[in-house]
Amino acid sequence: MTAIDLSELRKDYATGEFDIDSANTSPFQQFTQWFDQARQAELPEPNAMVLSTVSADGCPTQRTVLLKFFDQQGFVFFTNYESRKAVQIQHNNHVSLHFPWFPLQRQVEISGTAQKVSTLESIRYFSRRPRDSQLGAWVSQQSSVVSSRSLLLAKWDQMKQKFADGEVPKPDFWGGFRVTPQRFEFWQGRPSRLHDRIEYIPAEDGSWDRRRLSP
């Protein structure tokens with residue numbers, strides 16, 4: 001394969017700034033503010049986040065999942081509990097979340113630990129999903145090898161018939177994880193690669209300390 005030179009592919013960032021004095025004292029409130037601005041800017045799927053996990057033998061893995069709920073207790077996403085990500089979390093529940101809001105020249109990184117949400121929380125969310133998404137949760141043995149798409153479609157038809165006359169219940173193998181933050185970093189692109197990076201870390205009194213990081 002011929003080498004592809006991307007050294008001239010670059011963009012200077014000059015749409016905003018983020019100073020530590022203007023940053024909210026609460027990283028949750030700061031995240032809410034930036035998230036609302038991402039929605040107002042009509043970014044595609046502003047709740048899409050890269051979830052990083054580590055396998056039992058120390059190999060990192062990343063994938064994009066959708067944030068479905070957040071408050072001061074943490075950030076919640078849902079998945080198959082038999083998936084690769086869920087199995088890795090069972091071995092090592094230290095994870096990282098990354099929100100790439102590139103049109104706003106912003107990124108947010110959140111590091112923390114993941115735990116399963118209660119069954120009631122998972123049921124509440126599952127009941128609000130579109131019916132096709134509910135059926136999809138039953139069809140997919142997430143991360144397992146499947147020989148053809150036709151097998152998935154055949155199982156889809158089976159599930160449609162099985163639950164044709166009533167509500168679709170939540171599978172026992174499906175539910176949510178809540179990531180409890182231990183660190184936040186808010187990144188705002190700036191000219192000449194002198195970006196603004198504001199980090200939040202827990203303070204002894206239960207609040208959060210803010211500090212500027214070198215770009």
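These legends describe a set of close-up views of one predicted protein model.

The model is predicted, so local features are given only at pLDDT of at least 70 and side-chain atom pairs only at pLDDT 80 or more, while totals for chains, interfaces and linings use all residues. Residues are numbered from 1 along each chain as its sequence is written, and side-chain values use heavy atoms, with hydrogens and water left out.

**Figure 1. The protein chain as a whole.** The protein chain has 5 helices and 9 strands; helices (H or I, at least four residues) and strands (E, at least two) are DSSP runs, numbered from the N terminus. Read from the N terminus, the order of elements is α-β-β-β-β-α-β-β-α-α-α-β-β-β. The C-alpha trace spans about 60 × 55 × 40 Å along its principal axes. The chain has 215 residues, and 39% of them count as buried; buried means under 20% relative accessible area, exposed over 50%, and partly exposed in between (1.4 Å probe, protein chains only). Among contacts with a separation of 6 or more, 64% are between residues 24 or more positions apart, where contact means heavy atoms within 4.5 Å.

**Figure 2. The largest nonpolar core.** A nonpolar core is a set of buried Ala, Val, Leu, Ile, Met, Phe, Trp, Tyr and Cys residues joined through side-chain atoms within 4.5 Å. The largest one has 31 residues, and Phe 31, Phe 99 and Trp 101 have the most contacts inside it. Two or more residues of this core come from each of helix H1 (27-40), strand E1 (48-54), strand E4 (74-80), helix H2 (84-91), strand E5 (94-101), strand E6 (106-116), strand E7 (174-188) and strand E8 (196-202). H1 gives the largest share, 5 residues.

Figure 3. Apart from neighbours within four places in sequence, Trp 101 is in contact with Phe 31, Trp 34, Phe 35, Ala 38, Leu 43, Pro 46, Arg 106 and Val 108. A second, separate core has 13 residues, including Val 117, Tyr 125, Trp 138 and Trp 174.

**Figure 4. Arg 106 in strand E6.** Arg 106 belongs to strand E6 and counts as buried because its relative accessibility is 13%. Its side chain and that of Gln 188 are joined by a polar contact of 2.8 Å. A polar contact is a pair of N or O atoms within 3.5 Å; within protein, one must be able to donate a hydrogen and the other to accept it, and residues adjacent in sequence count only if both atoms are side-chain atoms. Leaving aside neighbours within four places in sequence, Arg 106 is in contact with Trp 34, Gln 37, Phe 99, Pro 100, Trp 101, Trp 187 and Gln 188. Arg 106 and Arg 190 lie 84 residues apart in sequence, with 9.8 Å between their C-alpha atoms.

**Figure 5. Ser 52 in strand E1.** Ser 52 is part of strand E1. A polar contact of 3.1 Å links the side chains of Ser 52 and Gln 62. Beyond neighbours within four places in sequence, Ser 52 is in contact with Thr 61, Gln 62, Arg 63, Val 95 and Ser 96.

**Figure 6. The largest pocket.** On a 1 Å grid over the protein atoms alone, a pocket is an open set of points where a 1.4 Å probe fits, with protein on both sides within 12 Å along at least five of seven lines; lining residues have an atom within 4 Å of a point. The largest pocket holds about 330 Å³ of space. Its lining has 15 residues, and Phe 78, Thr 79, Arg 129, Gln 142 and Trp 174 lie nearest its centre. Strand E2 (60-66), E4 and helix H4 (131-139) each give two or more residues to the lining. By class, the lining has 6 nonpolar, 6 polar and 3 charged residues; Ala, Val, Leu, Ile, Met, Phe, Trp, Tyr, Cys and Pro count as nonpolar, Asp, Glu, Lys and Arg as charged, and the others, Gly among them, as polar.

**Figure 7. The second largest pocket.** About 170 Å³ of space lies here, a volume being the space filled by probe spheres set on grid points that are joined across faces, edges and corners. The lining consists of Lys 68, Phe 69, Val 76, Phe 78, Val 117, Glu 121, Arg 124, Tyr 125, Arg 128 and Arg 178. E4 and helix H3 (119-128) each give two or more residues to this lining, and H3 gives the largest share, 4 residues. The lining divides into 5 nonpolar, no polar and 5 charged residues.

Figure 8. Neither is a glycine, yet phi is positive, about 60° at Glu 42 and about 45° at Glu 45. Most residues other than glycine have a negative phi. Glu 42 counts as exposed because its relative accessibility is 69%.
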